[in-house]
Amino acid sequence: MSIDYLGHIDTPGQALPLYSFTVPAGFPSLAQDHIEREISLDELLGLCLPQVFLARAGGDSMKGVGIFDGDLVVVDRAIEAKPGLIVIAAPNNEPLIKTLCKDGEQLHSENATFAPRYIFESDELLIWGVVLYSIHSHTHARA
């Protein structure tokens with residue numbers, strides 16, 4: 001799965017209301033008395049932190065963990081990449097979204113139709129960061 005680097009968010013966004021109830025597959029009346037507090041999504045996702053950046057996923061090799069073609073991913077460069085974490089890895093300067101396996105010896109796709117990417121001694125592997133969140137649009141889900 002490829003990525004397009006979208007950069008950092010420098011200015012905080014607008015705070016949005018957080019309602020004090022869960023929404024069960026419907027959308028109840030959003031009465032003002034149900035507002036618990038206001039939150040900022042960029043604050044909640046850490047988007048204003050200098051080590052956090054956004055990227056757009058390309059391809060479907062990570063669909064098994066819910067990252068689809070065109071999704072935005074929130075990536076933190078400060079988190080240590082450990083086996084089992086989803087990372088932006090750049091073997092030989094080719095950025096990919098993959099699951100890190102076997103202490104950096106293998107990058108695993110989360111789609112059975114894709115083979116693992118093995119890292120050989122001759123390869124240079126850079127880890128750009130750990131994927132914290134993916135943001136998926138549902139507006140085209142039934143289109």
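Is Arg-117 buried, partly exposed or exposed? Arg-117 is partly exposed, at 23% relative accessible area. Here buried means under 20%, exposed over 50%, and partly exposed in between (1.4 Å probe, protein chains only).

This is a predicted model, where local features need pLDDT of at least 70, side-chain atom pairs count only at pLDDT 80 or more, and totals for chains, interfaces and linings use all residues. Residues are numbered from 1 along each chain as its sequence is written, and side-chain values use heavy atoms, without hydrogens and water.

**Salt bridge.** The whole structure holds one salt bridge (a side-chain nitrogen of Lys or Arg within 4 Å of a carboxyl oxygen of Asp or Glu). Arg-117 pairs with Asp-123, with the closest N and O atoms 3.2 Å apart.

| Residue | Relative accessible area | Class |
|---|---|---|
| Asp-123 | 17% | buried |
| Arg-117 | 23% | partly exposed |
| Ile-79 | 34% | partly exposed |

**Cores.** A nonpolar core is a set of buried Ala, Val, Leu, Ile, Met, Phe, Trp, Tyr and Cys residues joined through side-chain atoms within 4.5 Å. The largest has 11 residues, including Phe-53, Met-62, Ile-86 and Val-131. β4 gives the most, with three. Strands are DSSP runs (E, at least two residues), numbered from the N terminus. A second, separate core has six residues, among them Val-87 and Leu-107.

**Surface.** Ile-79 sits in the loop between β5 (72-76) and β6 (86-91). Ile-79, Leu-85, Leu-132 and Tyr-133 make a nonpolar patch of about 290 Å². Patch residues have over 30% relative accessible area and no salt bridge, and nonpolar side chains (Val, Leu, Ile, Met, Phe, Trp, Tyr) are joined within 5 Å. Areas come from the Shrake-Rupley method with a 1.4 Å probe.

Key. Patch = residues over 30% accessible without salt bridge, like charges linked within 9 Å, V, L, I, M, F, W, Y side chains within 5 Å. Helix = DSSP H or I, 4+ residues; strand = E, 2+ residues; numbered from the N terminus.
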